[in-house]
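Colleague: I am new to this one. Please show me how to read its features.

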Amino acid sequence: MRQTTMAGMEYNEKEIIARLKEKNLRAAAFSAIVEKHSQQIYWHIRRMVLSHDDANDLVQNTFMKAWSNIDKFRGDSQISTWLYRIAVNETLTFLNRNSNNTVSINSPEGAIAEQLESDTHFNGDRADALLQEAIGRLPDKQRLTFVMKYFEDMKYEQMSEILDTSVGALKASYHIAVKKIEEFLETHD
Amino acid sequence: MRLEEYKNRKNPFSTPEGYFEELDRNIMESTCRPRVARRITPGLCARVLGDVAMLAIVALVAYQALTWEGAGSNVAAADNKDQILDNELIDNILNNYPIDDYTFYSYMTDTDID
């Protein structure tokens, strides 16, 4: 797949991977990766942690880890898969570490909506807040599956590589998540 | 509202204006920013040369002191009445080596000449 980056370079995954292996071309190749994937990774993280500030920290940490481990990337998987894996690890670590401060399955009802209402970077209405509340009540891995499939329309095969879980298990997890969310929306409408 | 109806809604989350341009720049600055080599300025050059010169002088003085002490003990052995005084050693150094009195005394008294 070829796309032109803002710097005028054509984004070609194979070429980028080859450039990553050359020390003098590495920074330019990484810059193209950042330009291509930073928004996608940001939005994935943002949907998981909800707060812009937390998402900003986590997306930067994700790319810093990617850069510091760039020698270990052999090009066996897609660059986006590799970045997603790092982002997922960062996000899950963050959610576990801050389980007392972030809204989760154990938070009192309405906690997520309350958090979102006070967030200057949330422009949604009550229905949007309700959906976020329903998603936020899912266990972390089920929430990951739902976010990847519902919002990002990711293929189960790529999700399977990122989450190291079988396609069948992911499909089941997504359907359970959908059922739970629909039930929540019905009871809170 | 049913779940499938949300598909058509706008993303309720937003970011500060110009955030993504800044994000890419921040990421690049914190990852592959080239390390700046230390510039060789005239001041740095003079300081290094000064340090090297001082080291050479100290080594020379130490060497002279050792050899003079050796000569002094021979003289003392030949004539027990004469003793080598510290002042003679200092005079010898000042007369024979390219070091000014002030620098030498600063070194001997361990004071900073700067």
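Colleague: Which domains does the assignment give for chain A?

Modeller: Domain bounds come from an automatic or database domain assignment. For chain A they are domain 1 (1–102) and domain 2 (107–189). The centres of the two domains, taken over C-alpha atoms, are 22 Å apart. This is a predicted model, in which local features need pLDDT of at least 70, side-chain atom pairs count only at pLDDT 80 or more, and totals for chains, interfaces and linings use all residues. Residues are numbered from 1 along each chain as its sequence is written, while chains are lettered from A and ligands numbered from 1 in the order in which they are written.

Colleague: How many residues of domain 1 of chain A are in contact with domain 2 of chain A?

Modeller: Two residues are in contact if their C-beta atoms, placed from the backbone, lie within 7 Å. Here 13 residues of domain 1 of chain A are in contact with 15 residues of domain 2 of chain A. On the domain 1 side, α4(A) gives the largest share, 6 residues.

Colleague: How many helices and strands does chain A have?

Modeller: Helices (H or I, at least four residues) and strands (E, at least two) are DSSP runs, numbered from the N terminus. Chain A has 9 helices and 2 strands, in the order β-β-α-α-α-α-α-α-α-α-α along the sequence.

Colleague: What does pLDDT say about chain B?

Modeller: pLDDT is the predictor's confidence in each residue, from 0 to 100. Where it is low, the predicted coordinates should not be read in detail. Chain B averages 76, and 68% of its residues score at least 70. The model scores ipTM 0.84 and pTM 0.70.
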